[in-house]
Amino acid sequence: MNLAVLAAVELIMLHMIDGREVQINPKQVTQLLSDLSDDGAKALPDAVKCVVRFTDGSYLSVAETCDEIRRLM
């Protein structure tokens, strides 16, 4: 007897810095990194508000702030 298992995955919509939409699985997020250091210096382009790191080691630079992403998650 074959049983189909339906797994629901809730994705959240973010925006890449060129305006394209991307959906991510919040359960795969390991770290949210903002660009501001303790002294206020910036290392990333102004359009990048947060870098999202994933369980597979990949990352995504997005236009949303880390606080906005935390609220979505």
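**View 1. An open sheet of three strands in a predicted model.** Strands β3, β4 and β5 make up an open sheet, in the order β3-β4-β5, with antiparallel pairing. Two strands count as paired if DSSP finds at least two bridges between them. Because β3 (29-33) and β5 (59-62) stand at the edges with a single partner strand each, one side of each has no neighbour in the sheet. From one strand to the next, the twist averages 20 degrees; axes are lines fitted to C-alpha atoms, and angles run from 0 to 180 degrees between N-to-C directions. The model is predicted: local features need pLDDT of at least 70, side-chain atom pairs count only at pLDDT 80 or more, and totals for chains, interfaces and linings use all residues.

**View 2. The pairing of β3 with β4.** Four bridges join β3 to strand β4 (residues 50-54) in the antiparallel sense. Opposite Q31 stands R53 in β4. Residues are numbered from 1 along each chain as its sequence is written, and side-chain values use heavy atoms, without hydrogens and water.

**View 3. The whole chain.** Helices (H or I, at least four residues) and strands (E, at least two) are DSSP runs, numbered from the N terminus.

View 4. Of the 73 residues of the chain, 25% are buried, meaning under 20% relative accessible area with a 1.4 Å probe, protein chains only. Among contacts (heavy atoms within 4.5 Å) between residues at least 6 apart in sequence, 37% join residues at least 24 apart. The chain exposes about 5500 Å², of which carbon and sulfur atoms supply 52%; accessible areas come from the Shrake-Rupley method with a 1.4 Å probe.

Definitions and conventions: Buried means under 20% relative accessible area, exposed over 50%, partly exposed in between (1.4 Å probe, protein chains only).
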